[in-house]
Amino acid sequence: MNTERLGFGLSGLWLGYPMWCIEHNGAGVIEYLWYGFNSGESSAVIYDFQVIEQFSGKGYGRKIFAKLEQTLRSEGVD
């Protein structure tokens with residue numbers, strides 16, 4: 001998987017679709033979001049989303065979904 005460092009974790013492709021991960025110091029990946037969309041269409045699909053239970057309720061989900069919303073809007077998805 002090709003990855004690049006983002007401010008909040010890792011980004012890459014899984015089976016040709018974007019997957020983002022949030023890492024926590026010492027704990028590795030604590031959350032991931034796998035999504036897809038078709039260029040030119042105004043919809044997206046979330047294929048999978050998971051947060052490790054001990055990190056649930058700490059705002060990581062809000063952070064990754066805010067990044068997703070920003071990314072989709074920049075791609076023309078409302």
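Visitor: Where is E31 found?
Guide: E31 is found in strand β4, strands being DSSP runs of E with at least two residues, numbered from the N terminus. This is a predicted model, where local features need pLDDT of at least 70, side-chain atom pairs count only at pLDDT 80 or more, and totals for chains, interfaces and linings use all residues. Residues are numbered from 1 along each chain as its sequence is written, and side-chain values use heavy atoms, leaving out hydrogens and water.

Visitor: Why is Y35 called buried?
Guide: Buried means under 20% relative accessible area, exposed over 50%, and partly exposed in between (1.4 Å probe, protein chains only). Y35 has 3%, so Y35 is buried. Y35 also sits in strand β4, which covers residues 28–37.

Visitor: And what makes V45 partly exposed?
Guide: V45 has 41% relative accessibility, so V45 counts as partly exposed. Its place is strand β5, residues 44–51.

Visitor: Which residues does Y35 contact beyond its neighbours within four places in sequence?
Guide: Contact means heavy atoms within 4.5 Å. Among the partners of Y35 are W20, V45, Y47 and L72.

Visitor: Back to E31: how do you know that it has no salt bridge?
Guide: A salt bridge needs a side-chain nitrogen of Lys or Arg within 4 Å of a carboxyl oxygen of Asp or Glu. For buried E31, the nearest side chain of opposite charge, K63, is 8.6 Å away. That leaves E31 without a salt bridge.

Notes. Helix = DSSP H or I, 4+ residues; strand = E, 2+ residues; numbered from the N terminus. Lys, Arg positive; Asp, Glu negative; His and termini not counted.
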